[in-house]
Amino acid sequence: MTFDHDLKATVRTIPDYPKQGILFRDITTLLADARAFRRAVDELVQPWAGLKIDKVAGIEARGFILGGAVAHQVSAGFVPIRKKGKLPHTTVRIAYSLEYGLDEMEMHVDAIQPGERVILVDDLIATGGTAEGAVKLLRQIGANVVAACFIINLPDLGGADKLRAMDVPVRTLMAFEGH
Ligand code: AMP
């Protein structure tokens, strides 16, 4: 049974996944818990409840699950940010840094109209490389990035501070030490 103050307890930690030394923070257990899922979605956007939000942008793949629910909650549209080669229409693309090397993410060029107010959603922010790329991509097509929201922050890796330095307000619901 889940109690209201126990959101953090619904996140499962898997040691040494996907490789040795990583503590993988698994949110599937939070998502499977009805009360935890609802509470996480409500709290993610609580500071912006009542403000006009045009679009919620979710980062593949766990950001889709949360972002879809958040978009419904704030009566906004949903926009996917995907790994390269997945979107069928004309895209904009950006390279972003991973722990080892680079990858690329894409959005449809017409997914957001210039000046639209957008909230970015993902499950977890670590180094911030992924979210930084997403913010740059959103700004490239004219989005006004109102906030970035994550269930989990790994503050030792500095990602949330990196986004704040880009003038993006950051909302996180819980933190874990280390990486
Ligand atoms: P980063 O770009 O370093 O901020 O990494 C964020 C992305 O990697 C998010 O999409 C997360 O889902 C994933 N990620 C990074 N570290 C972890 C971790 N310890 N547990 C689960 N997911 C992680």
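A polar contact is a pair of N or O atoms within 3.5 Å; within protein, one atom must be able to donate a hydrogen and the other to accept it, and residues adjacent in sequence count only if both atoms are side-chain atoms. The tour below uses this term from its opening stop.

The structure is a predicted model, in which local features need pLDDT of at least 70 and side-chain atom pairs count only at pLDDT 80 or more, while totals for chains, interfaces and linings use all residues. Residues are numbered from 1 along each chain as its sequence is written, and side-chain values use heavy atoms, with hydrogens and water left out.

**Stop 1: lysine 55**

Please select lysine 55, which lies in strand β3, residues 55-59. Helices (H or I, at least four residues) and strands (E, at least two) are DSSP runs, numbered from the N terminus. A polar atom of the lysine 55 side chain lies 3.0 Å from the backbone oxygen of alanine 111. Display glutamate 116 as well: its side chain and that of lysine 55 are joined by a polar contact of 2.8 Å. Is lysine 55 buried or exposed? Lysine 55 is buried, because its relative accessible area is 16% and buried means under 20%, exposed over 50% and partly exposed in between (1.4 Å probe, protein chains only).

**Stop 2**

Then display alanine 61, which belongs to the loop between β3 and α3. The bond between glutamate 60 and alanine 61 is a cis peptide bond, with omega at about 0 degrees.

**Stop 3: the loop between β1 and β2**

Select aspartate 16, in the loop between β1 and β2. Although aspartate 16 is not a glycine, its phi is positive, at about 60 degrees. Its relative accessibility is 38%, so aspartate 16 counts as partly exposed. Proline 18 also has its place in the loop between β1 (12-15) and β2. Which residue is joined to proline 18 by a cis peptide bond? The partner is tyrosine 17, and omega is about 0 degrees.

**Stop 4: the ligand**

Now centre the view on the ligand, which sits in the largest pocket. On a 1 Å grid over the protein atoms alone, a pocket is an open set of points with protein on both sides within 12 Å along at least five of seven lines, whereas a cavity is a set of points where a 1.4 Å probe fits but cannot get out; lining residues have an atom within 4 Å of a point. A molecule sits in a cavity or pocket if more than half of its atoms lie within 2 Å of its grid points.

Which residues come nearest to the ligand? Of the 14 residues around the ligand, they are Asp123, Ala126, Thr127, Gly128 and Thr130; a residue is near a molecule or strand if one of its heavy atoms lies within 4 Å of it. The shell divides into six nonpolar, four polar and four charged residues. Here Ala, Val, Leu, Ile, Met, Phe, Trp, Tyr, Cys and Pro count as nonpolar, Asp, Glu, Lys and Arg as charged, and the others, Gly among them, as polar.

Colour β2 (23-26), β7 (117-125) and α4 (129-140), each of which supplies at least two residues of the shell. The largest share, four residues, comes from β7.

A nitrogen atom of the ligand lies 3.0 Å from a backbone N or O atom of arginine 25. A polar backbone atom of alanine 126 is 2.8 Å from an oxygen atom of the ligand. In the side chain of threonine 130, an N or O atom is 2.6 Å from an oxygen atom of the ligand. The protein covers 82% of the 490 Å² of accessible area that the ligand has on its own; accessible areas come from the Shrake-Rupley method with a 1.4 Å probe, and for residues only the protein chains shown count as cover.

**Stop 5: threonine 127**

Keep threonine 127 in view, in the loop between β7 and α4. Threonine 127 is partly exposed, because its relative accessible area is 41%.

**Stop 6: aspartate 167 and valine 170**

Finally, select aspartate 167, in the loop between α5 (159-164) and β9. Aspartate 167 is not a glycine, yet its phi is positive, at about 65 degrees. With a relative accessible area of 65%, aspartate 167 is exposed. Valine 170, in strand β9 (residues 170-175), is buried, with a relative accessible area of 14%.
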